[in-house]
Amino acid sequence: MIEPVAQTEKVDVVELRIPAKAEWVAVARLAVAAVASRSDFSVEDIEDVRLAIAEACTNVIRDAEPGAQIDIRCESERESLSVTVRGGAAVRLRVDGSEAGLGVIIIQSLMDSVEYRIEPDGVVLGMVKRVQPR
């Protein structure tokens, strides 16, 4: 489960809203990679985060209705990055790995923790990547 960050810790928050269209996935990937690069992640870990975000957005887009939006929230700390991808009420994100296919399996293999929640205003995918000791 993704827990809220304690108020005493220094956390930088970046929020992004993009149209639920394939041509906007690159913007999400670049933005989240830029946030991840502010922490002590290796180049490989940043690439893992980029791919996970692309897969999450693609999963939302697959079932999006016209005019749907994707909200992305990054909470960056020195030792970890928490990313929340939220599809609006018009989006029906597939949360069962067997239905969602390879995308969900890829996300789970790239991130340290992954959580799905269905909320009244949409579906939320929360992901955490922790900095690995070198």
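Q: Hey, looking at contacts between residues at least 6 apart in sequence, what share joins residues at least 24 apart?
A: In this protein chain, 67% of those contacts do. Keep in mind that this is a predicted model.

Q: Okay, and how many helices and strands are there?
A: The chain has four helices and five strands. Going along the sequence, the pattern is β-α-α-β-β-α-α-β-β.

Q: Let's look at α1. Where is it, and how far does it reach?
A: Helix α1 covers residues 25-36, which is twelve residues. From first C-alpha to last it reaches 16 Å, close to the 16 Å expected at 1.5 Å a residue.

Q: Which of its residues are buried?
A: In α1 those are Val 25, Ala 28, Val 32, Ala 33, Val 35 and Ala 36. Looking down the axis of α1, the buried residues fall within an arc of 160°, so they line one face of the helix.

Q: Is Asp 45 buried or exposed?
A: Asp 45 counts as buried, because its relative accessibility is 11% and the cut-off for buried is under 20%.

Q: So what does Asp 45 touch, leaving aside neighbours within four places in sequence?
A: Asp 45 is in contact with Lys 129 and Gln 132.

Q: And for the whole chain, how much is buried?
A: Of its 134 residues, 41% count as buried. The chain exposes about 7500 Å², with carbon and sulfur atoms supplying 52% of that.

Technical notes: Residues are numbered from 1 along each chain as its sequence is written. This is a predicted model: local features need pLDDT of at least 70, side-chain atom pairs count only at pLDDT 80 or more; totals for chains, interfaces and linings use all residues. Side-chain values use heavy atoms; hydrogens and water are left out. Helices (H or I, at least four residues) and strands (E, at least two) are DSSP runs, numbered from the N terminus. The expected span of a helix is 1.5 Å times one less than its number of residues. Buried means under 20% relative accessible area, exposed over 50%, partly exposed in between (1.4 Å probe, protein chains only). The arc is that of the directions from the helix axis to the C-beta atoms. Contact means heavy atoms within 4.5 Å. Accessible areas come from the Shrake-Rupley method with a 1.4 Å probe; for residues, only the protein chains shown count as cover.
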